[in-house]
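This report describes selected local features of one structure.

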Amino acid sequence: MAEPLFTPEEQKKFDAGIAEIISHYPSDRKSAGMLPALRLLQEIKGWLPPEGLRLVAKHLEVTPERAYEVASFYVMYHLKKPGKYVIDVCTNLSCSLWGAEKMLAYLEEKLGLKAGEANEKFTLRETECLASCGTAPCLQINEDHHESLTRAKLDAILAKLS
């Protein structure tokens, strides 16, 4: 028998959250709540497990395939369980001009991961833009933004995560 998706406490949080989200939309437009519903699921579980996507789809009266399409479009949603720290490194033009590729290579070496890989502690990803062109290079760790990075700043940031 499979483990339940939610603990009793998580189930309460999900039920209350999904009811709140749905209350903001007309009954024939529940699907408009897809992004906040996916965010709710990810806040509770840390990622979007397939059974969670099916549950969101059921509540929003859409197909599970539609929930998956939306979730797979946006990089902020995790379809696989990520490491404890998700590190998104911007390698767009401004960051590249300020050494983002070298910074990414340095992180790959320090973490023992290539961009796109994960272990229990870290998920390392290359991302297109973090909207910080004036303070490049930059990255985000679990949505916490870090700017004007150097190797020394990276080392200090990583030391705080250990």
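**Aromatic pairs**

Phe 73, Tyr 74 and Tyr 77 make up one aromatic cluster. The model is predicted: local features need pLDDT of at least 70 and side-chain atom pairs pLDDT 80 or more, whereas totals for chains, interfaces and linings use all residues. Residues are numbered from 1 along each chain as its sequence is written, and side-chain values use heavy atoms, leaving out hydrogens and water.

Rings of Phe, Tyr and Trp (its six-membered ring) pair if their centres lie within 6.5 Å; planes under 30 degrees apart are stacked, over 60 edge-to-face and the rest tilted. The count by this rule is 4 aromatic pairs. The ring centres of Phe 73 and Tyr 74 are 4.9 Å apart with planes at 85 degrees, so this pair is edge-to-face. Phe 73 is exposed, at 63% relative accessible area, and Tyr 74 is partly exposed, at 31% (buried means under 20%, exposed over 50%, partly exposed in between; 1.4 Å probe, protein chains only).

Tyr 85 and Phe 122 form a tilted pair, 5.9 Å centre to centre with 35 degrees between the planes. Tyr 85 lies in strand S1 (residues 85–90) and Phe 122 in strand S2, so the pair ties together parts 37 residues apart in sequence. Both Tyr 85 and Phe 122 are buried. Strands (E, at least two residues) and helices (H or I, at least four) are DSSP runs, numbered from the N terminus.

**A buried loop residue**

Ser 132 is placed in the loop between strand S2 (122–127) and strand S3 (139–141). Ser 132 counts as buried, at 7% relative accessibility. Leaving aside residues up to four places away in sequence, Ser 132 touches Cys 138, His 145 and Glu 147, with contact meaning heavy atoms within 4.5 Å.
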